[in-house]
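Dear colleague,

I am passing on the structure we spoke about, and I would be glad if you could look it over before reading my notes.

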Amino acid sequence: FSSVISAYDTTTYLVRATGQINQSHPKSLRVSPDGSVLYMGGAHFIDTLNAFRTDTLQPIFSVPTESVFGQSIAISFDGRYVYSVGGNGGMAILDGVSGQLVNQVGACVGSDGVSLSPDNRFVYVMCPFSYSIEVFDAHTLAPLGSLSGYFTPNWSMDFIGTPPGDILVSN
């Protein structure tokens, strides 16, 4: 499979750069805090988690998602780590520069969203099949607890941690 990624100039609305990606279904896009790296996850096990330079769209690294998932990704606020989850139930931490695997654990089957707390202490994983958000230590990936509520099992959910420690959920 192959797809194209394009960067548009927002003042002229013209394409300023394009790049090839080996991805059948690109899904999750995130940019590093300094704006220099674009991370892209894929929706399928045959896809890859990719990193590109934002100025040229030249590839930095590509990691098969069967080993690091990639359906949804989050970036630590210092850009040091990429957190990745996928529908197969796994979660991984990658080095944000090299793409090397730092740690990997089981999260929940069907995991379709990942977010970090503003202080980078907690990782939140959306688990639509169990109607919960699982909470993990951001450094060790140790499970810390589960938040249950009125979450519907669909793929349109999104959520984010807020500075006072709350989690905002749309579903």
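Please keep in mind throughout that this is a predicted model. Strand E7, which covers residues 72-75, pairs with E8 in the antiparallel sense, and four bridges link the two. Five residues lie between the strands of this hairpin, and glycine 79 takes a positive phi there, near 75 degrees.

On its other pairing, E8 meets strand E9 (residues 90-95), again in the antiparallel sense, over five bridges; within E9, isoleucine 93 is the bridge partner of tyrosine 83. As for the side chains of E8, Tyr81, Tyr83 and Val85 point one way while Val82 and Ser84 point the other way, and all of them are buried. Because five of the five residues of strand E8 (residues 81-85) are buried, the strand is largely enclosed by the rest of the structure.

The next part concerns an open sheet of four strands, whose order is E11-E12-E13-E14 and whose pairing is antiparallel. Its edge strands are E11 (113-116) and E14 (143-148), each of which pairs on one side only, and the twist from one strand to the next averages 20 degrees. Between E11 and strand E12 (residues 122-127) there are four bridges in the antiparallel sense, and leucine 116 has valine 123 in E12 as its bridge partner.

The loop between E11 and E12 holds asparagine 120. Is this asparagine 120 buried or exposed? With a relative accessible area of 15%, asparagine 120 falls under the 20% cut-off and is therefore counted as buried. Leaving aside residues up to four places away in sequence, asparagine 120 touches Ser76, Phe77, Asp78, Ala138 and His139.

Finally, the count of disulfides comes to one, and this disulfide joins cysteine 108 to cysteine 127, with an S to S distance of 1.9 Å. Since cysteine 108 lies in the loop between strand E10 (101-106) and E11, whereas cysteine 127 lies in strand E12, the pair ties together parts that are 19 residues apart in sequence. The torsion about the S-S bond of cysteine 108 and cysteine 127 is about -95 degrees, so the disulfide is left-handed. Both cysteine 108 and cysteine 127 are buried.

With best regards

How values were computed:
Residues are numbered from 1 along each chain as its sequence is written. This is a predicted model: local features need pLDDT of at least 70, side-chain atom pairs count only at pLDDT 80 or more; totals for chains, interfaces and linings use all residues. Side-chain values use heavy atoms; hydrogens and water are left out. Buried means under 20% relative accessible area, exposed over 50%, partly exposed in between (1.4 Å probe, protein chains only). Two strands pair if DSSP finds at least two bridges between them. Axes are lines fitted to C-alpha atoms, for helices over the stretch in contact, and angles run from 0 to 180 degrees between N-to-C directions. Contact means heavy atoms within 4.5 Å. A disulfide is a pair of cysteine sulfur atoms within 2.5 Å.
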